[in-house]
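Thanks for having me. Please bring up the sequence and the model, and let's walk through them together.

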Amino acid sequence: MSDVALDHVRALIAKPRVAEMTAKGWRVIGPGEEGSLLMEGPQLGGAPVRLSALVNDLFDDLVAQALERADRMDHAAGRLPRAA
């Protein structure tokens, strides 16, 4: 219980919603106020998700550029016919 993840958030969750939140990857940390429990779970739309999307987009762009460069080199070397 002492481990804290930077990409997680802690919140007081109403007891009727605990099962729903547990199914979404949240975990019970301890007691909360009356009628709630203290839970920890992944950030919704948090920085790690956005950062991952940015890295994936950058990777896709780099692969596309590398493929275009390879095609240009193949065309210049006469290994591939020119596209019409």
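I will go from confidence to the sheet, then to the core, the salt bridges and one serine.

A word on confidence. This is a predicted model. The chain averages a pLDDT of 78. At least 70 is the score for 75% of the residues. Now look at residues 1-5. There the pLDDT is below 50. Beyond near neighbours in sequence, that stretch has 9 contacts in the model.

Next, the sheet. What is the order of its strands? The order is E1-E3-E2. The sheet is open, has 3 strands, and its pairing is antiparallel. In general, strands of a sheet pair through backbone hydrogen bonds. Which strands stand at the edges? They are E1, residues 8-14, and E2, residues 27-31. Each has a single partner strand, so one side of each is left without a neighbour in the sheet. From one strand to the next, the twist averages 30 degrees.

Let's take one pairing. E2 runs antiparallel to E3, which covers residues 36-42, and the two share 4 bridges. Find Val 28. Its bridge partner in E3 is Met 39.

Keep Met 39 in view, and turn to the core. Which residues make up the largest nonpolar core? There are 6: Ile 13, Val 18, Met 21, Trp 26, Leu 37 and Met 39. Helix H1, residues 18-23, supplies at least two of the core residues. Strand E3 also supplies at least two.

Now pick out Trp 26, one of those core residues. What does Trp 26 touch, leaving out residues up to four places away in sequence? The list includes Val 9, Ala 11 and Ile 13. Met 21 and Met 39 are on it too.

On to charges. How many salt bridges does the count come to? The count is 4. Start with Arg 10 and Glu 40. Their side chains meet in a salt bridge, 3.5 Å from N to O. This pair links distant parts of the chain. Arg 10 is in strand E1, Glu 40 is in strand E3, and they are 30 residues apart.

Are these two buried or exposed? Take them one at a time. Glu 40 has 3% relative accessibility, so it counts as buried. Arg 10 has 41%, so it counts as partly exposed. There is a third member here. Arg 27 joins Arg 10 and Glu 40 in a network of salt bridges.

Now move to Glu 20. The side chain of Glu 20 meets that of Arg 17 in a salt bridge, 3.2 Å from N to O. Glu 20 also meets Lys 24 through a side-chain salt bridge, at 3.4 Å. How open are these residues? Glu 20 is partly exposed, at 35% relative accessibility. Arg 17 is partly exposed as well, at 40%. Lys 24 reaches 52%, and the cut-off for exposed is over 50%, so Lys 24 counts as exposed.

Last stop, Ser 36. Where is it? Ser 36 sits in strand E3. Is Ser 36 buried or exposed? Its relative accessible area is 10%, and buried means under 20%, so Ser 36 is buried. Which residues does Ser 36 touch, leaving out those up to four places away in sequence? They are Leu 12, Ile 13, Ala 14 and Lys 15. Ile 13 takes us back to the nonpolar core, where it is one of the 6 residues.

How values were computed:
Residues numbered from 1 in each chain as written. Predicted model: local features only at pLDDT ≥ 70, side-chain atom pairs only at ≥ 80, totals over all residues. Heavy atoms only, no water. Pairing = 2+ DSSP bridges. Axes fitted to C-alpha atoms, helices over the stretch in contact; angles between N-to-C directions. Core = buried A, V, L, I, M, F, W, Y, C linked by side-chain atoms within 4.5 Å. Buried < 20%, exposed > 50% of the residue type's maximum accessible area, 1.4 Å probe, protein only. Contact = heavy atoms within 4.5 Å. pLDDT = per-residue confidence, 0-100.
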